[in-house]
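Me: I'd like to talk through a model with you, one question at a time. Here it is.

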Amino acid sequence: MGAIEGVDLVPAGRKHLKVLSPLVFTQDDLVLRDILPGELMDAYDVEVTVQDALKEASRIHSVPLSLAFVLEAPGKLLTAVGQAVLKGLLNPCPLKMESKNDRANLASDKICPPISP
Amino acid sequence: MANFLAWEGPVVVLSEGWPSWSFTLDGLNCTKLFTYCDFKSSKVKDEFLFSSLGRSHVESWSDLVNVVAGQGSPIVFMQGSGSFCKTMLAKTCDLLPLSLVVVTRSEEELNWSGSVEDTLVHHVEVGGMTDGAWSISSNRNLSLETSGLRRSLGMILQPVNSGKRMSEKGV
């Protein structure tokens with residue numbers, strides 16, 4: 001697989017990627033380089049405090065980061081699911097899990113059925 | 001006015017690898033968090049223990065059952081391969097879960113009879129920037145919301161990192 005650019009999606013599950021990145025020291029050209037661990041963590045929505053802890057652990061133990069998070073679902077996806085679960089339990093109305101198309105057309109005036117015991 | 005989620009009950013994360021669920025739930029204000037992991041790599045375990053959520057780690061299944069027993073029925077969030085999740089689903093009755101949510105890679109077969117509905121969610125659908133998709137299964141109905149904040153890889157690439165210069169002809 002070739003390098004990815006700024007408009008591309010990041011291939012899921014891969015720890016090592018080549019990117020074509022802009023460089024402030026050049027006028028127009030892109031440079032080819034490895035994606036940085038921090039950039040990969042950003043792509044998987046790893047929170048900054050967690051990023052800092054991982055980098056610190058790597059520094060203290062003098063070992064490269066495992067980057068194991070690339071094998072898991074990214075933070076934004078889990079947050080969307082986690083919010084839906086918690087909201088469903090805190091405000092227990094039996095909402096249905098919509099399909100992809102339904103989600104794109106979510107009606108804002110959805111009526112919440114009565115709370116079941 | 002912003003609404004903050006405040007789930008005060010116990011939450012259990014069962015993970016085969018890096019327990020990303022734990023960090024997400026911590027961010028959603030879940031404070032009674034217990035993380036049980038089948039770490040395949042000691043390096044990954046060390047990284048997790050070094051993180052702020054290392055304190056939530058529970059070493060053995062019996063310890064997990066005991067510590068959760070006094071807290072009430074937990075919400076259980078699971079992640080890993082289909083085979084790992086099937087094994088864990090068979091054991092979760094020990095925890096008397098209030099709710100169960102399972103996240104596996106899209107290609108994994110779960111065939112969980114207790115699931116109310118299964119859906120496939122792409123990272124880009126929720127404003128993410130990877131091409132990955134994950135299967136979400138739950139014993140409760142869920143309503144997923146999309147994210148208004150969408151980023152692209154170009155927004156996170158660091159332009160002060162050197163590399164091999166490419167000519168405009170792409171050589």
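Reply: Quick ground rule before we start: two residues are in contact if their C-beta atoms, placed from the backbone, lie within 7 Å. This is a predicted model, where local features need pLDDT of at least 70 and side-chain atom pairs count only at pLDDT 80 or more, while totals for chains, interfaces and linings use all residues. Residues are numbered from 1 along each chain as its sequence is written, and chains are lettered from A and ligands numbered from 1 in the order in which they are written.

Me: How many residues of chain B are in contact with chain A?

Reply: Chain A puts 66 residues into these contacts.

Me: Which element of chain A gives the most to the side that touches chain B?

Reply: Elements here are DSSP runs numbered from the N terminus: helices are H or I with at least four residues, strands are E with at least two. Strand 1 (18-22), strand 2 (30-34), helix 1 (37-43), helix 2 (48-61), helix 3 (75-90) and helix 4 (100-104) of chain A each supply at least two residues of that side. With 16 residues, the one that gives the most is helix 3 of chain A.

Me: How many residues of the side of chain A that touches chain B are nonpolar?

Reply: Ala, Val, Leu, Ile, Met, Phe, Trp, Tyr, Cys and Pro count as nonpolar, Asp, Glu, Lys and Arg as charged, and the others, Gly among them, as polar. On that basis twelve are polar and 15 charged. The nonpolar residues number 39.

Me: Which element of chain A has the lowest mean pLDDT?

Reply: pLDDT is the predictor's confidence in each residue, from 0 to 100, and chain A averages 82. Residues 103-117 of chain A stay under 50. Helix 1 of chain A has the highest mean, 96, and the lowest, 49, belongs to helix 4 of chain A.
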